[in-house]
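Take a moment with the sequence and the model below. We will begin with one side chain and then turn to the place where two chains meet.

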Amino acid sequence: MKQTLIRSTLILLLFISCVEQAFSADERMGVPSLEAKQRRQAIAAAPDGQDRSLPDEPMVVVKELTQPLDPEPSEIEKKLSDALDPVSLEEEIQLQTVQSRLELFGYDMFSGVATTFAPMTGAPVPEDYIIGPGDTFTVQAFSATDVQYTLTVTREGKILVPEVGALSVNGLTFEEAKKLIAESIEQQRIGIKTVVTLSELRSIQIMMVGEVVQPGTYTVSGFSTLINTLVSSGGIKRTGSLRNIQVKRNGVQVASLDLYDLLLKGDDGDNIHMRHGDLVFVPPIGSTVGIAGEVLRPAIYEINSENNVGEALRLAGGLLPTADKTQAQIERIADTGLYTLLQVDLFKQGQQINIQNGDLIRILPVLKKMEDVVLLSGHVLKPGGRQWRSGMRISDLIASPDILRQGAELDVAMVQRENRRTKRTEVVYFRLADVFTNYASIGNIRLEQRDQVIVFDTHSPRAEQLSTVSLKLKRQATSREPANLIEMKGFLRHPGTYPLEQGARLMDMIAYAGGLQGGVDLKYALLARTDLATERLEFVQINLHDALQFANGDHNPLLQPKDKIYLFDKQSNRAALLKQPVERLKRETQFGERAPVVHVTGAVFHPGAYPMVAGMRVKDLLLAAGGMKEEAYGIAATLSRQTILDGEYSQTDTLPVNLINDGPLAANRDSILHPNDHLVLRTKPEWIEKPVMVTVEGEIVYPGKYRMDKRDTLCSLIQQAGGFTDNAYLFGTVFLRESVRKKEQKALDRMIGELDQLLAEVHLSPGYEKDKKMPRDHNTRDIYEVIRRLESPKAQGRMVVDIANIVSHCDSQLDIVLEDGDRIIIPTHQEDVTVVGQVYFPASHRFDQERGALDYINLSGGLKELAQREHAYIVQANGEVLSIRSKASTWGGLFTPSNVVVTPGATIYVPISIDRINGRELASSWVDLFYKLALGAASIDFLFK
Amino acid sequence: MKRETPALKRLNRSIVLTLFFLLTGCGLMEPIPDVPARLTMAQLDNYDTRLYRQPIERFTPYRLQKMASELHLVPKVEQVIFLVDGAFPRQSHDSQVSDNNGYDIVRRFSHSMPRPKIKTVLITSRNLAQSNKNYNENEFDEVVVTTSPIDNRAVGVNQLVEQFLSESDVPTAVILVTENMAQPARKSDITFQLQYVVGQQRNACFYNILMSMRNIASFPLEFGNCGFSLSSKSLSHPREMSHFVGRVLFKGPADSDGDGIYDYRDRCPDTSVGRVVNYDGCYRFESGR
């Protein structure tokens, strides 16, 4: 009875204390407990109002991960990815920059983990767990009757086991307690088996103070270690130390945790289990050192025992492979209060340099520059980087022609080299063919580190392949050291801009540009040199003959940067090529100077403006102009010279220059030219550019083509051709002339054009008589049909000549000077007269002396109704066209058609009455055209009958 | 007949008045340009104040002496023959033009020649001696007065010149001062005859000075002659005359080493032939063959 009373009181007490404790926890803090807070948060975070019933068990809210799942590539990844690009000799400027911001190391440990302090109910209880008040044991006893007790350790540290009594378990480990309970029960009751487990762990209260996120008292699971506690309480503020976390128990410091050991080494030796009433103190952060740059974890580290750079770098995970170990920098606040910079060679003094609070260690990256490499590029099968070794030659890189692509240029290839001393890019050209034939040849040059061998091809423009080199050279140019580039223009296989090889001569560079081509003008080439000091352009005339003959001669000079070489051929336009430099010469000429430009025009192959060279003579200018033409008048060319008199007054003199013989007094080929001279070559007098060829056909003794001189006439032609045959019908001679034909054709085309326009206008405007407006579709089709037929009338170009008279007299008044392309056709005697047009039976009739024109018309059946007899005309055999109503008529009144004399071979044409076709007022204006057309056709027709 | 209503009349009157004021107002406001009467060429000549209109007394010769020595001019001829008739220009276009213009050209030439003067011969007609008050035969080494006028009616003048040239076998300049021919020249003209005669000689040059009112362009003569023709207008200023004298008397600056750079600016006077030189006459390129 007493026992039960005691037991019940105890239980009551225990209950009260528990309740009190539970209440007091809330009351004492005065703030909502973390659990409550979380619950509120969970309610707030609940998807909707239906799910209000929260489970009693505490929610584990996992914060969102602060880091994305696919994080940024690490430093090592980045560096190596960069190196994946093909080998290149490009140098990037290595900026002395490191990360733009650093964070304190280790604090992210507290972010992104569960912040609940839920006891770890599921975990097995460690054997060394120290039992204390509040732990609850579950004891099961198996015997005749199975009993189960739930026993809680009392505040005194005892458990009250029924039928056994109080057992003092406080301070025992779980192992020991288990044994004690089991033994105690088993001793009391023989034959019973017990299983003792710890069903509920006690909650302990600890206090967290110092630089923690949420200081205060926490109720945590009795299992909790220091780290659990720290993590679950929200962690340490960034102002708190990670390295000296102190646990005080009853006022005595029992542990000091260095989280870096855990984070860096995984060592949790100091991670003690918390006891009830422990105080966790996080002191403020101690000395810090920033480590930035090429380290594994650039961050700010708290230093504890580390006192030199080497140890500090170990904290940061060590150097990256790309770190420049020789050139680390420490920024330090010196005693003077100013920032100083220490340069540290990590190889040598890494362990010796002490670090101080506030240091910033900056590890710079190594230069991204490949040494010990040569690059093969251009027209090869496998371009790319190759290993360089000392003594390497071209032949080691290009062992055989097999690695070259089809069409590779063997005559010249280039090495782009970095001068180690001057830091300038240089080029060396060599003959690739030499390399394959002879190892010891000059072309098999020794390669240096970071050389780039460029193999050209024969077909594509070389300047394009060289553009990167050229650009590089151009960029490195300074005013003192101009870009080592020359330009080659004109008649070259590969004109363009070329890097200049040190010590290269003119012919060398020409060879590099594909060499001289056949047809190049060997007597005249130009070297445009820019004076490097004054930037003035100066020309040198180059004789390539001389240059080929004398390798060290004046005409094969050493080239210098900015030189321009102009090569010419016989055909192309030199003046156009030289236009720009000549303009520049003129532009650069200042007051008091004369523009060094000379001109040549007239009978030379390439007239134009040429740059003057020092000591230039007339013969040099003639060479520049490609020489004199066949027709040039050599005795007297004109040299116009602008002379400055008395300093300021200019006057133009005209000098006769004798280009063939050297009179002692006259200016000649050797005369020295002055700036702005203008040589004009005349054409020989009476020069025949194109011979006059005429054709005689028909009834002539020697028909054929004849070449005539400038003033030869028809009469002399007939004499040359042996005169006429007996059958010749001189009256019907056809004289065709090209210039006349062109004139006629032009007139004809114009007439047709006018007609076209006329018709178009007529269609748009009403006629004179407004009520008789022509229907749109009526007759128009016919008119257009007519025009279409007229579209391509060909003028004949016939001239009416009285050949019989000309030949019989050979009189210069009547005679005709022949032109090129003249064609004279002497027909045979004609016996017929043709009547065409609006007669009933158009036919030919035998010529009869007695008959007149009207007789022939009547012989053809007479005029049709549509005939317009007023406009009938006759085309005589000699091409003359007479209206039947003309004055030459033998009889007839004013309005009656006359009966004109008809000659054999004549054609009588009776036109259709235009008025009757359409009755248009304007149509009569194109009767004229019909007339002309018919004339042209009829005048020749009889020849081809 | 139509009757005009008074309203229409009033309208008409107001229109007329408005137009009147509009026109007169505009006319008053517009600046009237002062357009002179059209200038004839003769009037243009009046503005010509060239020095040759002034008498010979005012002519200050621009002596070639200094230039010849400075520029190392190479003499071309040793004798100058002038042919001038005193009678032209016959037509006086201008009151300022003196009748002895042709002779003035010769005198100015003579005055401009560097000292010591080379031999000068004057072939002239009687007209000159009679008409010209400035005529002074002592200015010339030799004076031949022909009976024939020295113009296109000349007889025997070309034989005279031929004789001179063949007698003294020295380089000679023959200077003919003639009137400008308005019509195309004929082969019988004295210019053509003399040109042919002089052109036959290897060491003589023929120059033709054309007296004219217009500044005609000079042109070289035919037959491979080393001379040329020019207008007297282009000789009016002393500097122009001296330039012409220089062209007649001198070949040009000397170039003793034949590198194409005149001696007076040749800093390296002994360059070898065939080498490329610069404007200073020195080797353009250091190395050479």
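Start in chain A. A polar atom of the Asn308(A) side chain lies 2.9 Å from the backbone nitrogen of Glu311(A). Keep in mind that this is a predicted model. The side chain of Asn308(A) also has a polar atom 3.1 Å from the backbone nitrogen of Gly310(A). Is Asn308(A) buried or exposed? Its relative accessibility is 8%, so Asn308(A) counts as buried; the cut-off for buried is under 20%.

Now move to the contact between the chains. Chain B brings 41 residues to it, and chain A brings 39 residues. The size of an interface is often given as the accessible area lost when the parts come together. Here the area buried between chain B and chain A is about 3,300 Å². Carbon and sulfur atoms give 54% of that area.

Charged groups meet here too. Four salt bridges are found across the interface of chain B and chain A. In a salt bridge, the side chain of Arg247(B) meets that of Asp653(A), at 3.1 Å from N to O.

Which elements of chain B give two or more residues to the side that touches chain A? They are β6 (204-211) and α8 (238-249) of chain B. The largest share, four residues, comes from α8(B). By type, the residues on this side of chain B divide into 15 nonpolar, 14 polar and 12 charged.

Note on methods:
Residues numbered from 1 in each chain as written. Chains lettered and ligands numbered in written order. Predicted model: local features only at pLDDT ≥ 70, side-chain atom pairs only at ≥ 80, totals over all residues. Heavy atoms only, no water. Contact = heavy atoms within 4.5 Å. Buried area = accessible area lost by both parts, 1.4 Å probe. Nonpolar A, V, L, I, M, F, W, Y, C, P; charged D, E, K, R; others polar. Buried < 20%, exposed > 50% of the residue type's maximum accessible area, 1.4 Å probe, protein only. Polar contact = N/O pair within 3.5 Å; in protein donor to acceptor, adjacent residues only side chain to side chain.
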